[in-house]
Amino acid sequence: MKPLQKSEISSSNDDLGEDVRLELYRLQFLLREAEQRAFDLFLQNLVKGTSHLSLGQEAVAAGFAAAMKPGDLSFCTYRGHAHTLARGVPVEQVLGELMGRDNGLMRGKGGSMHLTSVEHGVMGSYAIIGAHLPIACGAAWRAQYKGQDDVSVCFFGDGTTNIGAFHEALNFAAIWKLPVIFVCENNHYMEYTPIGDVTAVPHPAADRASAYGLERIIVDGNDADAVYRTAMAAYDKARKGEGPSLIECITYRHSGHSRADPAKYRPEGELEKWKERDPVKVYRERLLDFGIDKDVILGIESAIKREVDDATDQCKAAPIPSQDIIMTDVYADGGFAWRN
Amino acid sequence: MAELTYRDAVARGIAQEMARDPDVVFLGEDVAKAGGVFKATVGLYEQFGPLRVRDTPISEQAILGAAMGAAMTGLKPIAEIMFSDFLAVCFDYIANEFPKSRYMTNGQVKCPLVVRTGNGAGSRFGAQHSQSVENWCMMIPGLKVVAPSSPRDVIGLLAAAVRDPDPVIFFEHKSLYPMKGEVPDGEIVDTLGTAKIVRPGKDATILALALMVPRALEAAEKLKAEHGIDCEVVDVRSLVPLDTQTILGSVARTHRLFTVEENPRLCGWGAEIASIVADEAFYDLDGPIVRITTPHIPLPAADVLEDTVLPTPGRIAERVRQSLGS
Ligand SMILES: Cc1ncc(C[n+]2csc(CCOP(=O)(O)OP(=O)(O)O)c2C)c(N)n1
């Protein structure tokens with residue numbers, strides 16, 4: 001799907017409408033602010049361990065989340081902050097988890113790579129590459145079996161397309177016609193290695209779709225509108241019982257793979273080129289082109305900044321987890337006992 | 001009361017649970033129309049239909065992943081992995097996904113599923129289709145591990161596994177499939193974590209699991225007949241949860257402990273039990289704990305080779321006799 005040209009833009013031909021546009025912007029701005037805050041907190045040594053930011057990839061998370069219905073389920077990777085926040089999980093709970101505080105989503109038992117909020121349909125963040133694709137199939141199978149109309153959406157990177165579970169899941173979803181959407185965020189790198197160096201086809205997801213009888217779908221992953229439209233079509237197809245979709249979103253991560261990575265392997269000028277197409281910046285310009293009042297935009301931005309500031313303050317003030325929880329929830333009885 | 005094979009007990013156990021609860025679904029390779037490679041699931045497809053009894057592609061990761069996704073969101077799946085050796089192909093789910101989801105999410109995610117798999121040797125299948133791999137699973141926090149030795153226990157423990165809110169790996173023994181046993185009519189439901197004294201005795205305790213249970217029983221009869229040694233045989237039945245109470249109680253009466261394991265010696269479950277008994281019942285013991293295992297080797301295929309490495313009734317009896325010094 002081509003991005004709109006400036007000359008084509010006017011509020012009279014705006015098929016998405018102002019509410020959707022503002023929501024797409026709000027989400028992207030929120031993800032940007034919250035993740036940048038996570039990075040600041042890391043520099044202050046308040047976020048420990050590792051964290052994988054998706055700065056620059058916000059349009060994918062925002063587009064898919066805005067198109068979801070309550071009750072739809074998302075399955076993320078270790079690079080899951082944005083997808084988690086986009087489902088409405090409070091910033092405080094996400095930052096709290098990154099900071100290892102008791103107010104964190106999992107009270108510090110999961111950490112950055114395992115963000116989960118079942119209440120918001122965020123069914124987990126999976127740190128083993130590809131593991132969650134078959135799991136999303138299972139959730140979709142349940143929906144199909146029980147006649148429920150939710151859709152399971154599974155986000156993953158380009159590198160994931162080379163692992164066996166990717167292929168198993170796609171075949172499985174296709175033969176069972178499951179209401180599941182596989183979303184490949186092609187940010188051009190598998191950790192430190194350009195995806196092209198280790199992949200037999202130029203489009204690691206889309207070029208393999210036909211192997212599973214699926215349509216080849218590539219979308220500009222820096223354009224939230226394009227993502228949103230593609231997502232809506234895929235949800236619709238899934239809800240109608242017409243089976244899975246595999247969508248490759250072309251995007252770019254602005255930061256390194258994880259917090260320890262300065263991304264020195266990138267060719268000179270590449271980041272700068274992509275920053276010109278920064279999804280948050282591009283979308284803001286588009287809102288103005290559509291004639292949306294600048295004050296409305298500023299209002300959204302200041303509200304989010306306040307939200308992230310407040311969340312940060314709350315996390316800094318939050319207690320650390322009580323050691324009582326270390327031995328809980330290994331088994332369903334709440335404990336860890338494996339013998340009588 | 002009916003006489004049933006272990007193989008037929010599997011199908012009856014699954015049918016019992018599927019009839020009771022419409023959320024119980026069953027998937028695996030060749031399990032539906034073909035009735036399973038070991039013919040342990042014959043009739044289920046006909047009885048419960050293609051929506052609940054599903055053939056999958058050869059995709060072990062997809063089978064266990066889908067079982068997990070379904071379990072997390074409200075179903076109670078039973079997934080079959082044909083041979084337990086193949087658990088290695090989808091071990092991520094066993095080691096990283098099922099057992100840790102509840103803990104990592106602070107109790108948000110639940111994973112009530114059962115993985116059934118054909119375990120163990122005796123069929124001359126060689127080193128990639130004959131292993132006893134219950135130890136692989138036993139060491140992982142968050143899993144439960146069960147291995148029945150009789151048709152009756154297949155049904156009772158399978159029911160307990162399906163009804164259990166935690167992920168359970170259910171090891172059926174390939175060489176036991178043709179074994180017959182008395183099975184009461186009606187619903188059978190056991191409790192996980194209950195070992196069973198299958199032969200009371202006073203001179204020594206022999207702990208065994210799965211195929212080693214009938215072999216230990218045969219050894220006990222031999223010891224009694226030939227040497228007047230009266231052994232208690234305890235079927236462990238479930239490694240996690242582990243019924244240490246029954247085990248310690250038996251040792252307190254007999255004062256000697258032998259474990260019979262089919263798995264290779266290194267890090268076998270018998271070592272864990274020996275350690276518990278040494279820790280907690282040292283003064284009950286009249287002699288060292290003896291582990292009878294296969295050697296630390298891959299399993300050979302030919303009759304004579306396989307028979308030589310697995311504990312047999314004769315070898316078990318001989319080892320017990322030597323140790324007791326009669
Ligand atoms: C099975 C497995 N192998 C390797 C890793 C280490 N690892 C973590 S992230 C990553 C790269 C993944 O790249 P991609 O799928 O493109 O996702 P992205 O990080 O770009 O979002 C690797 C190799 C892992 N977590 N799991």
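This is a predicted model: local features need pLDDT of at least 70, side-chain atom pairs count only at pLDDT 80 or more; totals for chains, interfaces and linings use all residues.
**Chain B against chain A**

I looked up salt bridges first (a side-chain nitrogen of Lys or Arg within 4 Å of a carboxyl oxygen of Asp or Glu), and chain B and chain A have two between them. One of them pairs B:Glu280 with A:Arg339, closest N and O atoms 2.7 Å apart.

Residues are numbered from 1 along each chain as its sequence is written, chains are lettered from A and ligands numbered from 1 in the order in which they are written, and side-chain values use heavy atoms, with hydrogens and water left out.

Next I checked the extent of the contact (heavy atoms within 4.5 Å): chain B puts in 55 residues and chain A 42. The buried area (accessible area, 1.4 Å probe, that two parts lose on being put together, summed over both) is about 4000 Å², and carbon and sulfur atoms give 61% of that.

**The ligand**

I then counted 15 residues around the ligand (near means a heavy atom within 4 Å), with A:Tyr78, A:Arg79, A:Gly159, A:Thr160 and A:Asn187 the closest. I checked distances to ligand oxygen atoms: 2.7 Å from an N or O atom in the A:Arg79 side chain, 2.7 Å from a polar backbone atom of A:Gly159, and 2.9 Å from a polar side-chain atom of A:Asn187. Alone, the ligand exposes 580 Å², and the protein buries 76% of that (Shrake-Rupley method, 1.4 Å probe).

Technical notes
A polar contact is a pair of N or O atoms within 3.5 Å; within protein, one must be able to donate a hydrogen and the other to accept it, and residues adjacent in sequence count only if both atoms are side-chain atoms.
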